[in-house]
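This report covers salt bridges and a nonpolar surface patch. Please look over the structure before reading on.

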Amino acid sequence: MMNRMLSVALLSALIPASLAANAKDDDGLSPWYIGAGVGVNDYEYNFPDKINQEDDPYAWEAFVGYQMSEHYAFEVGYRNLGRATWVDWSNNQNDAGARGLSLSLVGTIPIYGDFHAIAEAGAMHYTLKNNRNWGANQYSDSGWSPYAGLGLGYYITDNIQLAAKYRRYGNLEDDRYNTLDMDSNYWGATIAYRFGSTSKPAPTPPPVVEEVVITDADQDGVPDRVDQCPDTPAEYMVDSNGCTVFEETVQNLHIDAKFANNSADLDKSSMDEVAMLAEFMKQNPKSTVLIKGFASNTGNPDYNMKLSQRRAESVARALETEFGIEASRISARGYGITQPLIPGTSKEANEANRRIEADVTVVDMVPTSR
């Protein structure tokens, strides 16, 4: 029976070993590994008539494992837990030993560096047998013994692991002859080899840093390679293309446009003033104008607001129809009595406040200083 079990264990070891070269993890290591261990074992008897126990405690094991995930593995092995001898109350010499196939689930948790904690649980299909020495009756039996263990492991390399382990076996029983009922404590060390090898990437050479010389001939802060306006004056601001930034300027022109009281009609003498404004706008074709109308502080304020609007529109209409200035460049707005030049309602104040102003906006004419 024992020889058959040993044959099964050796066959189990050969199968994964033959597959190891073809099964690889992402890190280059195979999930398969093999190992062996030695240790000492102490049987505990649960029958009170066992006395003068003397153990031959040396135990050994061989196993094959499969790494199912980073922290869990499955192992199949063969274990020999050594032998014990004792004298019973009848002064008979006895001996017994347990060995057999084992199945284990093994878990690992990293602790520090290459050290890791180990926990395992499983069962051993044992054969319990004596040697029939000293004229003792023969007895043997087999069964399943559950066990659990703890350990501390260390990775010497990516492939080789050393571990110190403790296991507790239970129910090592001789039910056939009802002569034995034992538990067992095992302390030992194992070494395991995992197939495959880790592939380390070739060292990356340091990047070659080319020295880049940035030139800026006109010193405007924009490199020559992107400067679309070279030789800009240093005292002017430039945009991201190196071109001078121009700002809009507003020029306020006073037009001496005359209006009769309560009238929005331009008299003939005021047309000369409008002509001067039109000529300026023709010389600056990108300019625009806001015609601002005002009224004197007499009468109803709401009425004066509407009157000042009509006066501004009268000048705007003259710019368009008489002098050919595009309507898109002209806007008009009345301000009524809200912005008097001279407070009050005197003749002098009324004449001064009854006026037209022109705010001309000239675009891209003045460079912006730094």
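## A salt-bridge network

Glu61, Arg79, Glu120, Lys165 and Arg167 are joined in a network of salt bridges. A salt bridge here is a side-chain nitrogen of Lys or Arg within 4 Å of a carboxyl oxygen of Asp or Glu. The count by this rule is 8 salt bridges. Side chains of opposite charge can pair when their charged atoms come close.

This is a predicted model, in which local features need pLDDT of at least 70, side-chain atom pairs count only at pLDDT 80 or more, and totals for chains, interfaces and linings use all residues. Residues are numbered from 1 along each chain as its sequence is written, and side-chain values use heavy atoms, with hydrogens and water left out.

Strands are DSSP runs of E, at least two residues long, numbered from the N terminus.

Are these two residues buried or exposed? Both Glu61 and Arg79 are buried. Buried means under 20% relative accessible area, exposed means over 50%, and partly exposed lies in between (1.4 Å probe, protein chains only).

## Arg168 and Asp183

Arg168 and Asp183 meet through their side chains in a salt bridge, at 3.4 Å from N to O. Arg168 belongs to strand 8 (residues 160-173) and Asp183 to strand 9 (residues 181-196), so this pair ties together parts that are 15 residues apart in sequence.

Arg168 is partly exposed because its relative accessibility is 31%. Asp183 is buried, at 15%.

## Glu357 and Arg355

Another salt bridge brings the side chains of Glu357 and Arg355 together, at 3.1 Å from N to O. Glu357 has a relative accessible area of 12%, so Glu357 is buried. Arg355 is buried too, with a value of 4%.

## A nonpolar patch

Ile111, Tyr112, Phe115, Leu152, Tyr154, Ile156, Leu162 and Ile191 make a nonpolar surface patch of about 790 Å². Strand 5 (93-112) and strand 7 (140-155) are the elements that give two or more residues to this patch. Patch residues have over 30% relative accessible area and no salt bridge; nonpolar side chains (Val, Leu, Ile, Met, Phe, Trp, Tyr) are joined within 5 Å, like charges within 9 Å. Accessible areas come from the Shrake-Rupley method with a 1.4 Å probe, and for residues only the protein chains shown count as cover.

Leu162 is in strand 8. Its relative accessible area is 37%, so Leu162 counts as partly exposed.

Definitions and conventions
Helices (H or I, at least four residues) and strands (E, at least two) are DSSP runs, numbered from the N terminus.
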